2 protein chains.
Amino acid sequence: MSDLLERLRGRGWRMTSQRRVVAEVLDGDHVHLTADEVHARAARRLPEISRATVYNTLGELVSLGEVTEVSTDGRAKRYDPNAHHPHQHLVCSSCGTIRDVHPTGDPLVDLPAEERFGFTVSDVEVTYRGLCPACA
Amino acid sequence: MSDLLERLRGRGWRMTSQRRVVAEVLDGDHVHLTADEVHARAARRLPEISRATVYNTLGELVSLGEVTEVSTDGRAKRYDPNAHHPHQHLVCSSCGTIRDVHPTGDPLVDLPAEERFGFTVSDVEVTYRGLCPACA
DNA sequence: TCTTGACTTGGACTCTGTCCATTGTAGGAT
DNA sequence: ATCCTACAATGGACAGAGTCCAAGTCAAGA
């Protein structure tokens, strides 16, 4: 955790109480919170923090590669603090729960050159969908 | 095309001019339009068609499995008429263009049982990201 | 301690999508 | 061919997620 704050400071971040709280909320447990959920949790510690600041901070963390944005359902984006460990997602089609999963193999090698249409392919996301035990 | 209209009629769809136009727009070329783009194209042929009807019709087509919903960017959902041929998507991180691609291998078999956490996994989506030739 | 440019605020605004009461009509029944 | 009616379309209000901006605040270097 303090790792994260250190890295951010090292990158020239001005360390404000708002940014610290947002970083701490994300680092708390590895669930996948929406921006508004992050805001709600941050506001428990810092009641006057604004939504705009949370959005700004999340955007910066994403740019810095410290956090990954996940949009699995076309609704609110979710923020995944587990950005330094490659993984994919397993989503419950009914309740929306997300779990990190680690498939074997690398889908990048499964896309032959003639299927790349001249794109410079740099990343791949895999989303598994199904029903979680509670919803099944 | 008329295939599609036939299938829909066979499923008890009441065939209105609005539904016909939406189906024809989707069937036109295999691009991935947003709901508002579908509405704009439909309105060229049927100026008084409402947004609500387009949303309703798209939702029905998705339920019937004739069209797939794709949300790659957390912005507007896109509608993929190519629902009867399994494929994945390649998205340009800069301009948002989407291409259908056909990777080899099946990512479902790459998810071991101990990584399924009791979920009943039924589907998997793979999204490749990169820069298209025009943006690179 | 002072200064200043980066950061935060909150409210207005945009975009995407949903809801609902009202009006219209496709297509089976007569 | 006409009538009925359940299903569909309309459009305007509303909601959720996110962005923008002008004004005020403050972290941190001098």
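In which loop of chain A does A:Phe117 lie? In this predicted model, the loop between strand 5 (98–101) and strand 6 (120–131) of chain A holds A:Phe117. The residue is not a glycine, yet A:Phe117 has a positive phi of about 50°. A:Phe117 has 16 other C-beta atoms within 10 Å and is partly exposed, because a residue counts as buried at 20 or more such atoms and as exposed at 12 or fewer. In chain B, B:Phe117 lies in the loop between strand 5 (98–101) and strand 6 (120–131). Phi of B:Phe117 is positive as well, near 50°, again in a residue other than glycine. With 15 other C-beta atoms within 10 Å, B:Phe117 is partly exposed.

The relation between the two chains was examined next. Two copies of a chain are related by a rotation about an axis and a shift along it.

Within chain A, the packing of two helices can be described. Two packed helices are described by the angle between their axes and the distance between the axes. For helix 3 (residues 35–45) and helix 4 of chain A, the axes come within 9 Å and cross at roughly 115°. This crossing of helix 3 and helix 4 of chain A is right-handed. On the side of helix 3 of chain A, the contact involves A:Ala35, A:Val38, A:His39 and A:Ala42, which meet A:Arg51, A:Val54, A:Tyr55 and A:Leu58 of helix 4 of chain A. Sorted by class, the residues of this contact are six nonpolar, one polar and one charged.

Helix 4 of chain A also takes part in the surroundings of DNA strand C. Helix 4 of chain A gives the largest share, four residues. By class, the residues near DNA strand C comprise eight nonpolar, ten polar and eight charged.

How values were computed. Residues are numbered from 1 along each chain as its sequence is written. Chains are lettered from A and ligands numbered from 1 in the order in which they are written. This is a predicted model: local features need pLDDT of at least 70, side-chain atom pairs count only at pLDDT 80 or more; totals for chains, interfaces and linings use all residues. Ala, Val, Leu, Ile, Met, Phe, Trp, Tyr, Cys and Pro count as nonpolar, Asp, Glu, Lys and Arg as charged, and the others, Gly among them, as polar. Axes are lines fitted to C-alpha atoms, for helices over the stretch in contact, and angles run from 0 to 180 degrees between N-to-C directions. A crossing is left-handed if the near helix is turned anticlockwise from the far one by less than a right angle, and right-handed if clockwise. Two residues are in contact if their C-beta atoms, placed from the backbone, lie within 7 Å.
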